[in-house]
Amino acid sequence: QVQLVESGGGLVQPGGSLTLSCAASGLTISTATMGWYRQAPGKQRELVAGTTSGGSTNYADSVKGRFTIFRDNAKNTEYLLMNSLKPEDTAVYYCNAKSRDIFLREYDYWGQGTQVTVSS
């Protein structure tokens, strides 16, 4: 059974930093496409940052240069380093993993979400 457990959210002032963690079990993140999504009240969930098993990364335009996605394979944990946070970054952040089995069927897994609030 795959589980993704996020942590690291909280309240931070504008300009501050947070690092979110996504600890995975039942899945090896180095073989999966991992991503961080966020959903603000009244808005659709959006992709913030993603990384493939090959190490390619992509970012939403709104976070480029401020956020960094990276992983620790030994800990089987994905991270999202968020710098220069803005009030508009306030949202629930979700970890996502996409993997394929030997029949190339895709599986989509989600964490429970962690709240990030940027406010003075």
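Which residue's side chain meets that of R38 in a salt bridge? The legends below take up this pair and other close-up views. The model is predicted, so local features need pLDDT of at least 70 and side-chain atom pairs count only at pLDDT 80 or more, whereas totals for chains, interfaces and linings use all residues. Residues are numbered from 1 along each chain as its sequence is written, and side-chain values use heavy atoms, with hydrogens and water left out.

**View 1. The salt bridge between R38 and D89.** The side chain of R38 meets that of D89 in a salt bridge, with 2.9 Å from N to O; the term stands for a side-chain nitrogen of Lys or Arg within 4 Å of a carboxyl oxygen of Asp or Glu. R38 lies in strand β4 (residues 33–39) and D89 in the loop between β8 and β9 (91–100), so the pair ties together parts that are 51 residues apart in sequence. Strands here are DSSP runs of E with at least two residues, just as helices are runs of H or I with at least four, and both are numbered from the N terminus. Both R38 and D89 are buried, a word that means under 20% relative accessible area, while exposed means over 50% and partly exposed lies in between (1.4 Å probe, protein chains only).

**View 2. Other salt bridges.** The structure holds eight salt bridges, and one of them joins the side chains of D61 and K64 at 3.1 Å, N to O. D61 is exposed, its relative accessible area being 66%. In another, E78 pairs with R71, and the closest N and O atoms are 3.1 Å apart; E78 counts as buried, at 1% relative accessibility. Salt bridges with shared partners also join R38, E46, R66 and D89 into one network.

**View 3. An open sheet of four strands.** The strands follow the order β1-β3-β8-β7 with antiparallel pairing, where two strands pair if DSSP finds at least two bridges between them. Because β1 (3–7) and β7 (67–72) stand at the edges with a single partner strand each, one side of each is left without a neighbour in the sheet. Strand β7 is joined to β8 (residues 77–82) by six bridges, and the two run antiparallel; M82 in β8 is the bridge partner of F67.

**View 4. The surroundings of S21.** S21 has its place in strand β3 (residues 18–25) and is buried, with a relative accessible area of 18%. Leaving aside residues up to four places away in sequence, S21 touches V5, E6, S7, W36, T77, E78 and Y79, where contact means heavy atoms within 4.5 Å.
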